[in-house]
Each structure stands twice: as C-alpha cells, then as structure tokens.
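Good morning, everyone. Please look at the sequence and the model on the screen while I take you through the main features.

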Amino acid sequence: MSNLKKYLCAQNGNAIIFVVIIVFSILMMFSVSLHITNNSMRLSNAYYKSANLYFFAQSGGEKVKDLLNKIMFSEYENILNETTSEISTYNIEKYIQYSKHSKTDF
C-alpha cells in the first residue's frame, strides 16, 4: 500500500500531460468548427453570386426582348405593307398560272 501512496502523491508530470491533452482537444474542436463555418460561408457566397448572375441574365434577356418589340412595333406598318404586297403578288401569279392551265384543258 505504501508504494501506491507514493505513486499517487508523486504525480511526476501527469497534470501537465492531462492539461496538454485537454488544450489540444479544445483547439481541435475550435479548428473543426472554424473549418465548417468557412465552408458554409463559401457556399452561401457562391449561392448569392449565382442567384445574382441568374437574375442579371434574366433582366438582360427581358431588355433585349423589349427592344426587339419596340423595333418591331415601330416597323409594323412597313412589315405589314411588304407582306401584304408579296402575298397579293403571289396570289395573282398563282391565279394567272391556274387560269392558263384551266383554259387549255377544255
């Protein structure tokens, strides 16, 4: 029993090893939590940037569509007149071709 008492009372650096292990484990937990937080911040920043780019591209597309609509409506009369004249010319030529063939058939 006397040997056990001497061993327990001496403690020859056991407290320092215990403190170092505790401090090391706390530092490891802090390091892991810092790493997880850093990754979370990177992911949220990447999501924020991708959402901004999506809405930026969508608004650019809508601006182009609006500009094309404005150009089309400003040229509406010219386009309508051109297509109407082309259609009427095409129909007249078809009628002439049809009437020539129909006269020879009789």
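**Confidence and overall fold**

Let me begin with confidence, since this is a predicted model. In the protein chain, helix H1, residues 2–10, has the lowest confidence, with a mean of 65, whereas H2 has the highest, at 92. Across the protein chain the average pLDDT is 81, and 69% of the residues score at least 70.

Now to the fold. The secondary structure of the protein chain consists of three helices and zero strands. Read from the N terminus, the order of elements is α-α-α.

How much of the protein chain is buried? Of its 106 residues, buried ones make up 1%. The chain exposes about 10400 Å², and carbon and sulfur atoms supply 68% of that area.

Let us turn to the surface of the model. A nonpolar patch is formed there by Phe-18, Val-19, Ile-22, Val-23, Ile-26, Leu-27 and Met-29. Together these residues have about 680 Å² of accessible area. Phe-18, one of the members of the patch, is found in helix H2, which covers residues 14–74. Is Phe-18 buried or exposed? Its relative accessibility is 55%, and the cut-off for exposed is over 50%, so Phe-18 counts as exposed.

Next, the charged side chains. How many salt bridges does a search of the whole structure find? The search finds one. The partners are Lys-70 and Asp-66, whose closest N and O atoms are 3.5 Å apart. Where do these two residues lie relative to each other? Both belong to helix H2 and they are four residues apart, so about one helical turn separates Lys-70 from Asp-66. Their surroundings can be described as well. Lys-70 is exposed, with a relative accessible area of 54%. Asp-66 has a relative accessibility of 38%, and therefore counts as partly exposed.

Finally, the aromatic rings. The count of aromatic pairs comes to one. This pair is made by Tyr-54 and Phe-55, and its geometry is edge-to-face. The ring centres are 5.2 Å apart, with 65 degrees between the planes. Both Tyr-54 and Phe-55 are exposed.

To close, I would ask you to keep two features in view: the nonpolar patch that includes Phe-18, and the salt bridge between Lys-70 and Asp-66. Thank you for your attention.

Definitions and conventions:
Residues numbered from 1 in each chain as written. Predicted model: local features only at pLDDT ≥ 70, side-chain atom pairs only at ≥ 80, totals over all residues. Heavy atoms only, no water. Patch = residues over 30% accessible without salt bridge, like charges linked within 9 Å, V, L, I, M, F, W, Y side chains within 5 Å. Areas by Shrake-Rupley, 256 points an atom, 1.4 Å probe, with all protein chains shown as cover. Salt bridge = Lys/Arg side-chain N within 4 Å of Asp/Glu carboxyl O. Buried < 20%, exposed > 50% of the residue type's maximum accessible area, 1.4 Å probe, protein only. pLDDT = per-residue confidence, 0-100. Phe/Tyr/Trp six-rings, centres within 6.5 Å; stacked < 30°, edge-to-face > 60°.
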